[in-house]
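Hello,

Here is the structure I promised to pass on to you. Please open it alongside this note, and then read on for what turned up in it.

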Amino acid sequence: MYIIGGTASKTVAEDLSKMLGAPLANTISKRFPDDEFYVRVIDDLSGEHVIIIQTTYPDHNIVELFLLQNAVDEAGAKEISVVIPYFGYARQDTKFEDGEPISAKAMANLISLNADRVITVDPHKEHILDFFSTSAVSCSAVPELAKYLKEKNIDLVLAPDKGALERVKHASKIIGCDFDYMEKTRIDGTTIEIKPKKLNAQNKNIAIIDDIISTGGTMAKSIQELKKHGAKNVFVACTHGLFAGDAVKKLNSAGCNEIISTDTVQGKFSKVKIAPCIAPFFK
Ligand code: R5P
């Protein structure tokens, strides 16, 4: 068994390599002067089970994944597992308006071409797994996020909307605290409304857990609401920290006490490792 980490998922690949006792394949990657990507796998992968790990965000990382998959296939690997810590385009999982693509399906179709199985983490909605024409499963980062939050004396975990309720229910069991949800209405891609809800936030340490922080709008509104209701400390935790534009500034201005994300998207808030959630699939 060999592991290949694409440039978007180096840390996850290194962690998995240690956890599974499987070597990291040696690769060379570079960009041509016109910015096209080049990759070469040095080790002999013929007859091997190869696990390729690559987050498909932002867009250029998708191309790198396709090239890695093809290189491994051309090298004669026996089995190709593709681990996608953060599967980009998952939120366009249907045609919301006539004429739109089902972007998640378009991505899944192409990734399936050179994969015997796909594993991803906390997809926005589970049904996107059906878009893959190869076996596809997901795992949840919630246990690892909850272990981190357990050290923070959390009194209450909150979902920013009802759709995320199961996630906080799960986290609350690990942390040993209460759970609840906020009432969110999305107006458009950048505007949301968090309606006041009768929450007892007074003097509490509260963690809001979501699958994604993108513009930070959802979390910022939630934090403001909780602070209005007298919360002592508000932690925001997510699986996929995209932090688009001025998201971090928005969260801090809203009064956030700590930002926590996993390393499905590598960044300065990647305080929680995702490899322990993925490793069991290969044991
Ligand atoms: C939406 O339903 C997701 O679970 C997240 O709440 C959303 O994608 C976060 O986006 P933003 O950070 O832009 O508010």
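**Around the ligand**

A polar backbone atom of G216 sits 2.9 Å from an oxygen atom of the ligand. Taken alone, the ligand exposes 380 Å², and the protein buries 90% of that. Before going further, please keep in mind that this is a predicted model.

In D210, an N or O atom of the side chain is 2.5 Å from an oxygen atom of the ligand. In R91, a polar side-chain atom lies 3.2 Å from an oxygen atom of the ligand. The surroundings of the ligand are made up of 14 residues, and the closest are D210, D211, S214, T215 and T218.

S214 is worth a look of its own. You will find S214 in the loop between β12 and α6, the helix of residues 217–228. Is S214 buried or exposed? Its relative accessible area is 18%, and buried means under 20%, so S214 counts as buried. Leaving out residues up to four places away in sequence, S214 touches R91, L242, F243, A244 and A247.

R91 comes from another loop, the one between β5 (79–84) and α3 (103–112). With a relative accessible area of 38%, R91 is partly exposed. Not counting residues up to four places away in sequence, the residues that R91 touches are Y86, F96, H124, I212, S214 and L242. R91 and I102 are 11 residues apart in sequence, and their C-alpha atoms are 9.4 Å apart in space.

Although F243 is not a glycine, it has a positive phi of about 45 degrees. F243 belongs to the loop between β13 and α7 (247–253). At 16% relative accessibility, F243 is buried.

**Domains and cores**

Now for the overall layout. The domain assignment gives domain 1 (2–140 + 275–282) and domain 2 (142–263). The centres of domain 1 and domain 2, taken over C-alpha atoms, are separated by 29 Å. In the contact between them, 13 residues come from domain 1 and 10 residues from domain 2.

Which residues have the most contacts inside the largest nonpolar core? They are L149 and I278, in a core of 39 residues. Each of domain 1 and domain 2 supplies at least three residues to this core. Apart from it lies another core of 30 residues, with A25, A77, A104 and F131 among them.

Not counting residues up to four places away in sequence, L149 touches I154, I175, A207, I209, F235, A237 and I260. L149 is also one of the buried residues of helix α4 (residues 142–150), together with V142, E144, L145 and A146. The cover over the buried residues of α4 includes the helices α5 (165–175) and α8 (275–278). It also includes the strands β12 (205–213), β13 (233–241), β14 (258–262) and β15 (270–272).

**A few loops to visit**

T134 lies in the loop between β6 (117–121) and β7 (135–139). At 15% relative accessibility, T134 is buried. A polar atom of the T134 side chain is 2.9 Å from the backbone oxygen of A115. Leaving aside neighbours within four places in sequence, T134 is in contact with S112, A115, D116, R117 and V118.

Omega for the bond from Y57 to P58 is near -15 degrees.

Finally, look at D35 in the loop between β2 (27–31) and β3 (37–41). D35 is not a glycine, yet its phi is positive, at about 80 degrees.

Happy exploring, and do write back with any questions.

Best wishes

Note on methods: Residues are numbered from 1 along each chain as its sequence is written. This is a predicted model: local features need pLDDT of at least 70, side-chain atom pairs count only at pLDDT 80 or more; totals for chains, interfaces and linings use all residues. Side-chain values use heavy atoms; hydrogens and water are left out. A nonpolar core is a set of buried Ala, Val, Leu, Ile, Met, Phe, Trp, Tyr and Cys residues joined through side-chain atoms within 4.5 Å. Buried means under 20% relative accessible area, exposed over 50%, partly exposed in between (1.4 Å probe, protein chains only). Domain bounds come from an automatic or database domain assignment. Contact means heavy atoms within 4.5 Å. Helices (H or I, at least four residues) and strands (E, at least two) are DSSP runs, numbered from the N terminus. A residue is near a molecule or strand if one of its heavy atoms lies within 4 Å of it. A polar contact is a pair of N or O atoms within 3.5 Å; within protein, one must be able to donate a hydrogen and the other to accept it, and residues adjacent in sequence count only if both atoms are side-chain atoms. Accessible areas come from the Shrake-Rupley method with a 1.4 Å probe; for residues, only the protein chains shown count as cover.
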